[in-house]
Structure formats: C-alpha cells, structure tokens
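Open the model in your viewer and keep the selection panel at hand.

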Amino acid sequence: MQIHNLSESNSVLNHFLAQIRDVSIQNDSLRFRRNIERIGEIMAYELSKVVSYEDVSISTPLGTKATTKIKDPLVICSILRAGLTLHHGFLNYFDAAENGFISAYRHHPNNDDYFDILVEYKAVADIEGKNVLLVDPMLATGQSIVAVYKKLVEKKTPAALHIAVVIAAPEGIAYLKEHLPSSCHLWVGAIDDKLNEKSYIVPGLGDAGDLAYGTKL
C-alpha cells in the first residue's frame with residue numbers, strides 16, 4: 001500500500017486540520033463541515049496528480065487549444081454518515097464522478113468495549129473497471145473500511161482503489177496494509193499517535209459524525 005501523508009509538508013491543509021481539532025472552534029458545526037469539505041478538496045487535488053489523462057483539443061472563441069482531461073472513470077464512495085462532508089469536497093473537484101454511499105458502524109453486542117462492524121445500507125454506482133475513491137474522515141481500527149471494501153468487491157472488481165481519510169491511527173494503517181490489496185493508495189491528512197482503550201484516535205478530534213451533524217441515539 002502506498003501512503004501519501006499530506007501533512008508532512010506545510011500547506012493550508014494543516015491550517016484546516018488545526019481548526020477541526022480545536023475544541024474552541026470545532027463546536028461550530030457549519031465551520032466544521034466546511035473545513036472537512038475543504039480538506040476533501042485539497043486531497044482531491046493531490047490525488048488528481050496520479051490518475052490517468054488523455055490528450056484533447058478544445059475550441060475557444062479565438063481558436064483551438066491542445067490540453068488534457070481526466071481519462072479514468074471515477075466512483076467516489078463515502079461511509080455514512082461522517083463521510084458525507086468529505087465526499088462533497090472530492091465531488092467539488094471530480095464533478096463528473098459517479099457516487100456511492102454505504103453505512104458502516106460499530107455494533108456493541110455486549111454493551112462493552114468489544115464491537116464488530118455492521119454494513120447494512122449500500123447504494124453504489126457500478127465500480128467494475130473504475131477507480132474507486134473510498135472516503136471517511138477517521139481511520140481508527142481500519143475495520144469499517146475493510147468491511148466496506150469487501151462488500152464493494154463481492155461481485156465487482158475496480159481498476160484501482162484509493163482510500164482517503166483526514167486523520168489516521170497507526171493501528172488502522174497496519175490493518176489496511178494487512179487486508180487490502182498492496183496496490184491501493186492511502187491518502188491521509190495526518191497520522192496521529194495511537195488508539196486508546198476504546199479504539200478512539202488520540203489526540204484525534206472526537207466523533208466526526210457528531211461534530212458535523214449532531215449527536216445520535
């Protein structure tokens with residue numbers, strides 16, 4: 001797996017990352033959603049450098065111009081619900097992409113710290129032979145992303161897989177390396193220190209879904 005850690009060099013990305021973590025700022029849900037969306041736009045721009053392009057000739061009011069356009073068919077797939085804001089950021093740049101939405105959540109059958117991942121709702125474009133961009137703000141254990149990937153490829157085979165996350169834990173990255181194709185790309189805004197005893201990212205930012213859309217039952 002090829003890892004692209006975008007915070008290794010300073011850019012406006014780090015500015016937005018600081019704001020979504022800051023407890024004095026992040027409780028403004030409108031600002032939180034917009035910052036996640038802007039992070040998605042930055043990540044989409046960086047990812048756009050590795051997709052395939054084709055030569056085209058376009059007509060302008062004063063002549064013609066030889067240029068390039070994206071050749072690869074793309075499907076942006078987000079994990080509900082937290083992935084929606086990041087999804088919009090990618091869609092702002094890859095506006096011709098098809099889309100997919102899958103629910104995945106931690107299920108605690110014994111009402112303790114043990115959990116498994118339930119994947120229930122799926123509405124996804126045909127991914128056969130296309131580049132799949134699987135987006136989710138937080139990569140904690142990695143189990144949700146792997147469970148969603150397995151659901152996606154049950155009957156279809158994508159040409160390439162890109163995972164895009166805002167914040168990742170080392171444990172989650174190791175889990176993806178073990179369970180996803182070695183050819184996949186991981187795009188990450190920042191890699192944090194560790195997971196705590198409840199498998200939450202430290203220092204992280206809290207629950208991205210709750211911060212974007214309010215607390216859930």
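Select β5 first: in this predicted model, β5 supplies the largest share of the lining of the largest pocket, 4 residues. The volume of this pocket is about 840 Å³. Now show A104, R106, Y200, D207 and K216. Of the 29 lining residues, these are the closest to the pocket centre. Next, colour β4 (74-80), β5 (98-107), β8 (138-139), α4 (143-152) and α6 (208-213). These are the elements that give two or more residues to the lining. Colour the lining by class, and you get 14 nonpolar, 10 polar and 5 charged residues.

Move to the second largest pocket, which holds about 220 Å³ of space. Select P158, A159, A160, L161 and S183, the closest to its centre among 16 lining residues. Then pick strand β9, residues 160-168. Strand β9 gives the most to this lining, with 3 residues.

Which residues have the most contacts inside the largest nonpolar core? Select F90 and F94; the core they belong to has 36 residues. Elements giving two or more residues to this core are α1 (12-21), α2 (29-47), β4, α3 (83-93), β7 (131-135), β9, β10 (185-191) and α6. Highlight α2, which gives the most, with 7 residues.

Stay on F90 and show its neighbours. Leaving out residues up to four places away in sequence, F90 touches G40, M43, A44, L47, I76, L133, V135 and A164. Then select I117, I127, V165 and L180. They are among the 27 residues of a second, separate core.

Last stop: the cysteines. How many disulfides does a search of the whole structure find? The count is 0. Select C77 and C184 to see why. The closest cysteine sulfur to that of C77 is in C184, 15 Å away, which is too far for a bond. Starting from C184 leads back to C77: its sulfur is the closest, also at 15 Å, and too far for a bond. The cut-off for a disulfide is a sulfur pair within 2.5 Å. Are these two side chains' residues buried or exposed? C77 counts as buried, at 1% relative accessibility. C184 is buried too, with a relative accessible area of 1%.

Notes: Residues are numbered from 1 along each chain as its sequence is written. This is a predicted model: local features need pLDDT of at least 70, side-chain atom pairs count only at pLDDT 80 or more; totals for chains, interfaces and linings use all residues. Side-chain values use heavy atoms; hydrogens and water are left out. Buried means under 20% relative accessible area, exposed over 50%, partly exposed in between (1.4 Å probe, protein chains only). On a 1 Å grid over the protein atoms alone, a cavity is a set of points where a 1.4 Å probe fits but cannot get out, and a pocket is an open set with protein on both sides within 12 Å along at least five of seven lines; lining residues have an atom within 4 Å of a point. Grid points are joined across faces, edges and corners, and a volume is the space filled by probe spheres set on the points. Ala, Val, Leu, Ile, Met, Phe, Trp, Tyr, Cys and Pro count as nonpolar, Asp, Glu, Lys and Arg as charged, and the others, Gly among them, as polar. A nonpolar core is a set of buried Ala, Val, Leu, Ile, Met, Phe, Trp, Tyr and Cys residues joined through side-chain atoms within 4.5 Å. Contact means heavy atoms within 4.5 Å.
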